[in-house]
Amino acid sequence: PTYRKISSNLADFAFSLYRELVHQSNTSNIFFSPMSITTAFAMLSLGSKGDTRKQILEGLEFNLTQIPEADIHKAF
């Protein structure tokens with residue numbers, strides 16, 4: 001299935017985001033939904049072009065030379 005192609009990328013993004021939130025947090029409790037954030041950015045990338053689209057997808061830890069953009073959106 002297509003979703004298996006992106007699952008490790010989504011996990012990498014979630015842990016990277018978590019580390020950044022912990023680093024910037026003044027509290028001990030952090031609650032966020034990595035799936036909601038990645039879905040929103042994936043939808044945002046559909047409406048963007050060029051470097052912006054590339055930066056959004058790379059920010060989500062996708063290597064566009066390994067996973068075609070069409071497969072990323074199909075997996076969501």
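Guide: Here is a run of questions about this predicted model, each answered by setting a value against its cut-off.

Visitor: Let's start with confidence, then: what is the mean pLDDT of the chain?

Guide: The mean is 88, and 100% of the residues reach 70 or more. Confidence is lowest in α4, at a mean of 87, and highest in α3, at 92.

Visitor: And how many helices and strands are there in the chain?

Guide: Four helices and zero strands, so from the N terminus on you read α-α-α-α. The C-alpha trace spans about 40 × 30 × 20 Å along its principal axes.

Visitor: Which residues of α2 are buried, and why can one say they line one face?

Guide: They are Thr38, Ala42 and Ser45. Looking down the axis of α2, these buried residues fall within an arc of 60°, so they line one face of the helix. What covers them includes α1, α3 and α4.

Visitor: Why is Ser45 called buried?

Guide: Buried means under 20% relative accessible area. Ser45 comes out at 0%, so the label applies. Leaving aside residues up to four places away in sequence, Ser45 touches Arg53, Ile56, Leu57 and His73.

Visitor: And which residues of α1 are buried?

Guide: Ile6, Asn9, Leu10, Phe13, Ala14 and Leu17. The buried residues of α1 pack against α2, α3 and α4. Over the whole chain, buried residues make up 24% of the 76 residues.

Visitor: On to charges. Why is the pair of Asp71 and Lys5 called a salt bridge?

Guide: The rule asks for a side-chain nitrogen of Lys or Arg within 4 Å of a carboxyl oxygen of Asp or Glu. For Asp71 and Lys5 the closest N and O atoms are 3.2 Å apart, so the pair qualifies. Asp71 lies in α4 and Lys5 in α1, so this bridge ties together parts that are 66 residues apart in sequence.

Visitor: What about aromatic rings: how many pairs does the structure hold, and why is Tyr18 with Phe32 called stacked?

Guide: One pair. Rings pair if their centres lie within 6.5 Å, and planes under 30 degrees apart count as stacked. The rings of Tyr18 and Phe32 have centres 6.4 Å apart and planes at 20°, so both conditions hold and the pair is stacked. Tyr18 is in α1 and Phe32 in the loop between α1 and α2, so the pair ties together parts that are 14 residues apart in sequence. Both count as partly exposed, Tyr18 at 40% and Phe32 at 22%.

Visitor: What makes Glu61 worth a look at the backbone level?

Guide: Its phi is near 70°, a positive value in a residue other than glycine. Most residues other than glycine have a negative phi. Glu61 is in the loop between α3 and α4, and at 33% relative accessibility it counts as partly exposed.

Visitor: One last thing: among contacts between residues at least 6 apart in sequence, how many join residues at least 24 apart?

Guide: That share is 57%. The Asp71 and Lys5 bridge joins parts 66 residues apart.

Key: Residues are numbered from 1 along each chain as its sequence is written. This is a predicted model: local features need pLDDT of at least 70, side-chain atom pairs count only at pLDDT 80 or more; totals for chains, interfaces and linings use all residues. Side-chain values use heavy atoms; hydrogens and water are left out. Helices (H or I, at least four residues) and strands (E, at least two) are DSSP runs, numbered from the N terminus. Buried means under 20% relative accessible area, exposed over 50%, partly exposed in between (1.4 Å probe, protein chains only). Contact means heavy atoms within 4.5 Å. Rings of Phe, Tyr and Trp (its six-membered ring) pair if their centres lie within 6.5 Å; planes under 30 degrees apart count as stacked, over 60 as edge-to-face and the rest as tilted. The arc is that of the directions from the helix axis to the C-beta atoms. pLDDT is the predictor's confidence in each residue, from 0 to 100.
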